[in-house]
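Work through the exercises below with the sequence and the 3D view open. Try each task before reading its solution.

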Amino acid sequence: LKLITLLTDFGLEDGYPAIMKGVIWGIAPDAQVADISHSVSPQNIFQGALTLKRAFPYFPSGTVHVAVVDPGVGTSRRAIAARLGSQFFVGPDNGLITLILERTRHQNDPIEIVHLNRPEYWLPQVSRGFHGRDVFAPSAAHLVAGVALDRLGTPIDDPLLLSIPAPKTVPTGLQGQVIHVDHFGNLATNIDAAALAAASLTGQFVSQVRIGGHVIPGMVQAFGDRTPGDLIALIDSDGYLAVSVVNGSAAGRTGAQLGDPVEVSIER
Amino acid sequence: LKLITLLTDFGLEDGYPAIMKGVIWGIAPDAQVADISHSVSPQNIFQGALTLKRAFPYFPSGTVHVAVVDPGVGTSRRAIAARLGSQFFVGPDNGLITLILERTRHQNDPIEIVHLNRPEYWLPQVSRGFHGRDVFAPSAAHLVAGVALDRLGTPIDDPLLLSIPAPKTVPTGLQGQVIHVDHFGNLATNIDAAALAAASLTGQFVSQVRIGGHVIPGMVQAFGDRTPGDLIALIDSDGYLAVSVVNGSAAGRTGAQLGDPVEVSIER
Amino acid sequence: LKLITLLTDFGLEDGYPAIMKGVIWGIAPDAQVADISHSVSPQNIFQGALTLKRAFPYFPSGTVHVAVVDPGVGTSRRAIAARLGSQFFVGPDNGLITLILERTRHQNDPIEIVHLNRPEYWLPQVSRGFHGRDVFAPSAAHLVAGVALDRLGTPIDDPLLLSIPAPKTVPTGLQGQVIHVDHFGNLATNIDAAALAAASLTGQFVSQVRIGGHVIPGMVQAFGDRTPGDLIALIDSDGYLAVSVVNGSAAGRTGAQLGDPVEVSIER
């Protein structure tokens with residue numbers, strides 16, 4: 001199986017992702033190509049990083065992920081490809097792989113990153129506006145077709161990293177923020193299960209979650225533990241504290257948006 | 001050909017359908033995976049059932065359809081897999097297969113349904129919020145890879161069925177309702193060609209179709225029989241009475257919505 | 001590699017594109033199928049033609065492109081299939097291939113067009129409303145499976161062509177119009193690099209681009225040449241003069257829509 005995924009902010013209407021697939025199949029005819037998402041908000045690198053981090057663990061070893069949210073296209077920003085653990089990542093050097101790199105380091109898995117600077121692995125003509133087509137898709141296709149990572153460019157060890165907002169410890173517990181609003185209106189925060197566990201190490205427990213003017217008493221294990229329409233807090237399937245409405249939209253209910261504060265009170 | 005389709009209400013922006021594909025390819029690397037739709041309205045089981053019923057007849061024997069519109073995820077609702085005729089269906093036991101089951105029974109084709117209760121065919125960790133990833137995708141992948149249906153779980157014969165609204169006979173003819181508004185604004189009703197034929201058995205014929213304040217005189221065979229902009233009634237490509245505007249939107253013209261009444265008068 | 005692409009105005013929500021894939025795999029099980037776009041504005045043939053022309057050059061020889069934007073379905077409009085250069089195109093005879101045909105003629109590449117009039121290569125039942133499913137998908141599948149083009153129908157040499165608006169020469173330079181607004185709000189015009197070159201042959205150069213009340217001094221090579229938020233004019237990756245905002249939306253900034261005039265002044 002030669003598997004490539006695509007994650008971009010290109011949208012689906014103009015055919016840009018399909019163009020990347022055409023380029024890939026011209027180089028690696030037997031590649032299977034899956035779309036992770038093309039609906040990242042334009043130029044929103046952090047949202048792209050989060051979506052990529054959510055999806056990649058479920059793909060087989062050897063998968064090549066092409067992630068192109070690229071506000072710096074046509075500037076001097078580098079193009080990179082990376083092996084992080086058993087999978088590969090290709091895209092602009094702007095922090096899209098930050099969350100995966102952190103995880104890979106944490107697990108002591110192998111890391112190898114190269115600056116894509118060998119034009120023989122790109123399309124013959126490279127535009128200054130569409131490197132997804134001209135640089136990243138062909139590089140990924142060569143990777144999946146068996147070209148070694150270190151043939152595609154020069155090793156680097158200083159990839160650009162995003163500065164990810166971390167939850168803060170406050171007198172009553174933790175304060176985080178909404179970092180993702182999904183299709184169902186679920187509000188994911190930057191407070192993960194580990195942060196909650198750390199804050200609760202001495203036997204404390206979560207007593208309430210506050211967002212906007214809403215106060216949610218305690219957390220539940222799953223949607224099914226409450227009645228449709230209830231506003232709840234839980235650890236979502238990505239491992240983050242999330243605020244949801246059972247069979248409804250927490251974004252609609254609370255009016256909360258990206259960046260809005262969420263407080264978790266630890267009762268003593 | 002090992003073919004799996006996906007039908008969900010997950011949307012395309014967050015990468016959830018791609019995650020299901022990653023899981024599938026980890027188990028069945030040579031599977032081909034097609035998206036039927038991920039734009040079912042959140043938790044709208046009936047719309048999911050209708051979309052699945054529209055699409056499945058055009059897929060080859062042996063195709064495995066994964067349908068996940070799952071407001072009951074994390075509750076005690078069962079997970080099921082079914083062989084209906086020559087194809088397979090995997091998803092929550094909430095009525096998504098109702099329309100296909102009816103058709104299969106009507107045709108006296110084979111029916112076999114199991115309760116998915118063998119965790120060895122799921123992901124090692126099962127969340128309470130995302131069974132599409134943890135239960136349904138791996139089950140479908142094992143099915144397409146050759147595991148027999150009855151290995152995946154215990155046979156059942158009481159799948160949950162949706163109660164589908166049927167058209168009513170009224171003094172002047174039939175009264176049905178809008179059950180689907182498609183991308184073009186076509187308004188499909190629950191009055192199918194068979195119901196019309198039954199009501200017209202004694203030589204009557206359709207004289208007019210009423211929706212909102214609009215009266216459409218008679219039915220046409222196809223869009224091409226009228227002029228662009230005309231409001232028409234016809235049997236659509238799914239076999240249902242539909243109200244359309246030639247090269248336009250009947251939803252926009254009439255303001256009609258899901259559930260709105262549609263009357264067909266049979267002239268005597 | 002047996003590669004088929006789909007371009008339609010069907011949208012993604014109702015499952016129509018998936019139905020076409022099911023039909024294809026029933027005939028050509030080993031075909032790979034890619035979506036170019038299903039978000040063409042309903043019945044907008046020109047937008048479909050433009051999207052197809054943008055994407056096809058990046059697909060391998062032998063690819064079969066199915067393009068269905070088909071306001072005339074169910075009328076007497078012909079169904080056609082064409083070999084243009086090294087690739088194939090299947091769809092209604094309404095001008096969808098105009099731009100590609102012009103390019104193919106210009107390059108003196110082979111052209112072969114047939115009227116699809118052999119029902120043995122269609123589905124057994126042909127509706128009057130969904131030829132994408134009943135005629136075009138099966139024809140494409142037979143093509144990719146090895147049936148010769150001239151077996152599918154009778155040769156024709158009079159395909160219907162769109163009348164494409166050309167930029168006009170005005171005293172101060174060229175006047176064109178917005179022909180595409182993409183996902184990012186970039187405004188592409190019908191003024192291509194060749195038209196600019198022709199107008200500038202005697203040493204003139206572009207001095208400003210006017211759109212709405214906005215005046216853009218000169219053109220840049222790429223987004224990276226200006227600061228985020230700047231309104232710029234450049235030759236886009238499709239080869240057309242476009243108006244953009246660096247890391248923003250020119251459609252949002254200018255309020256410009258399809259068909260709005262764009263003037264390029266050539267300084268003397």
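This is a predicted model: local features need pLDDT of at least 70, side-chain atom pairs count only at pLDDT 80 or more; totals for chains, interfaces and linings use all residues.

Residues are numbered from 1 along each chain as its sequence is written, chains are lettered from A and ligands numbered from 1 in the order written, and side-chain values use heavy atoms, without hydrogens or water.

**Exercise 1. Size the contact between chain C and chain A.**

Step 1. Count residues in contact (heavy atoms within 4.5 Å). Chain C gives 28 residues and chain A gives 30 residues.

Step 2. Take the buried area, the accessible area (1.4 Å probe) that two parts lose on being put together, summed over both. Chain C and chain A bury about 2,400 Å² between them. Carbon and sulfur atoms hold 59% of it.

Step 3. Tyr58(C), His183(C) and Phe184(C) supply 27% of the area that chain C buries against chain A, more than any other three residues.

**Exercise 2. Find the salt bridge between chain C and chain A.**

Step 1. Apply the rule: a side-chain nitrogen of Lys or Arg within 4 Å of a carboxyl oxygen of Asp or Glu. The count between these two chains is one.

Step 2. Name the partners. They are Asp225(C) and Arg128(A), at 2.8 Å, N to O.

**Exercise 3. Which parts of chain B and chain C does the pair Asp225(B) and Arg128(C) join?**

Step 1. Check the distance. The closest N and O atoms of Asp225(B) and Arg128(C) are 2.8 Å apart, in a salt bridge.

Step 2. Helices (H or I, at least four residues) and strands (E, at least two) are DSSP runs, numbered from the N terminus. Asp225(B) lies in the loop between β12 (214–217) and β13 (231–235) of chain B, and Arg128(C) in the loop between β6 (111–116) and α4 (131–144) of chain C, so the pair joins two chains.

Step 3. Check exposure. Buried means under 20% relative accessible area, exposed over 50%, partly exposed in between (1.4 Å probe, protein chains only). Asp225(B) is partly exposed at 33%. Arg128(C) is partly exposed, with a value of 33%.

**Exercise 4. Trace the salt bridge of Asp158(A).**

Step 1. Asp158(A) meets Arg78(A) at 3.1 Å, N to O.

Step 2. The two residues are 80 residues apart and link distant parts of the chain.

Step 3. Asp158(A) is partly exposed at 44%. Arg78(A) is partly exposed at 22%.
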